[in-house]
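Please read them with the coordinates open.

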Amino acid sequence: MTPPPGQHLPADHSKGDEGTLGGYMAVHARPAAFEGADGLSYSADIATDATGEHGPGRRAGAYLLFVRWTGDDPKIGGHVESGFLTFADTDAEAREALGRWRLADVKQLLDRLIAAPEPPAPAPPAAPEAAPAPARAAVDPAASGERGVVLSGTGGIWVVRTAAGETREVSLRGRLKQAGTLKLAVGDEVVLESGERGDGWVIREILPRRSTLARQSPAGARGERLVAANVDQVVAVFAAANPEPHTRMLDRFLIIAEGNSLAARIIINKIELVQPDEVRARFDAYQRAGYPVHYTSVKRGIGIEELHAVLDGRTSVFSGPSGVGKSSLLNTLYPGLNLRVGEISASVNKGRHTTVGALMHPLPRGGFVVDTPGLREVGMWGLPPEHLDRCFPEFRPMLGECKFRDCAHTVEPGCAVLAGVRAGTISAARHDSYAKLHAELVSGTPAW
């Protein structure tokens, strides 16, 4: 696959920090540079091409072009290309998704590519009178390895869906357990091989991730809880009523998505319980901030078909508090999922948990949905307080315009963000959520 001229220019990735490929390219206006495992210098750029697969979300594919530089006066000494790594309907969407890859994962992929043996040179064509070559023996998947996606896991047994659509229960190879440097997660792409005794399958390798969704461990425990890997978008699902929507909790879900450099969208379910104007006014600030907001009713069939266009062909994490109807919504969208549905507790107006862990479900039109447990406590982990303002899209046009470089956007004079609140271009309620979460990150004590 040779990229056409002009497609190797860095795209304008507005999301992500310098720890992501797209964020680095946006800040420095040039491809990222790496030293390969072979000691040579490489630059990493994003290229796109038509995939030839015209299913939803797969018309365009993005891949990485690693250019090798040699000599004291560096000149191009060759290049290495990956296969397609992200898919979308347009080149721009595919580039943006690939731009969310962490630089560490890009480096890991580079080292894997340059360590791979060169394919043998093609044999010269046989003379016309030569006998036809014997048919090639079938490749044994157990010997060559077979790729798959982790759908779920519990008790050391993982359910993996292979590229052929088969589902296998597998375990983690011993050396991967002992290494302990990378925890396996739902959504991980892995390589399977036959176990040493030939009586089962094991995960031989965990492939580089293009993205992760992580949150703080619950109940005050320290450390990161990895929810899912290789995610394209987070879908925050809240109810218009029963239970009453907690917008500050919604803000936390969106911040977690932004902090993980993931696209986010909002679904407001059960809209049959409230007046249309009332619910749309309540969430208008999120649309003005740039988040797509979908209004749905499972009982009345409102907004269901429109969701297929934004879910098919992508890996989407459904998250939100208990009782808002995530499982019912997914069952209506994709009847074959057969997710369990919990009832609302009338006494406390909070849903009972019906999902015990993250579960990944293949979609009939391509893509996956990850159904996560109802989360009543959502914590941030590893986000510096000074980076919180970047997780509010409506703040971004004003960042850098404040009087003080270290402005916290809470009480400082000459703050451009506070001026936006006074002018009405920034929601006062959203800014109030920001201020409380900023105080929480500074103090290490939950503010709500």
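1. Start with the sheet. Six strands form an open sheet with mixed pairing, in the order β15-β14-β13-β16-β20-β19. The edges are β15 (293–295) and β19 (359–362), each of which pairs on one side only. Direction ignored, neighbouring strands are turned by 25 degrees against each other on average. Keep in mind that this is a predicted model.

2. β13 (residues 233–239) and β16 (residues 315–319) run parallel and are joined by four bridges. Within β16, F318 is the bridge partner of V235.

3. Then the helix on this sheet. α9 (residues 304–311) lies across β13, β14 (263–269), β15 and β16. Its direction is at about 160 degrees to β13.

4. Check the loop between β13 and α6 (247–259), where P243 sits. The peptide bond from N242 to P243 is cis, with omega near 5 degrees. N242 belongs to this loop too. Its phi is near 55 degrees, a positive value in a residue other than glycine. Most peptide bonds are trans, and most residues other than glycine have a negative phi. Both features therefore deserve a look.

5. S261 is not a glycine, yet its phi is about 60 degrees. This residue lies in the loop between α6 and β14.

6. Are these two sites buried or exposed? N242 is partly exposed, because its relative accessible area is 35%. S261 is buried: its relative accessible area is 5%, and the cut-off for buried is under 20%.

Terms used
Residues numbered from 1 in each chain as written. Predicted model: local features only at pLDDT ≥ 70, side-chain atom pairs only at ≥ 80, totals over all residues. Heavy atoms only, no water. Pairing = 2+ DSSP bridges. Helix = DSSP H or I, 4+ residues; strand = E, 2+ residues; numbered from the N terminus. Axes fitted to C-alpha atoms, helices over the stretch in contact; angles between N-to-C directions. Contact = heavy atoms within 4.5 Å. Buried < 20%, exposed > 50% of the residue type's maximum accessible area, 1.4 Å probe, protein only.
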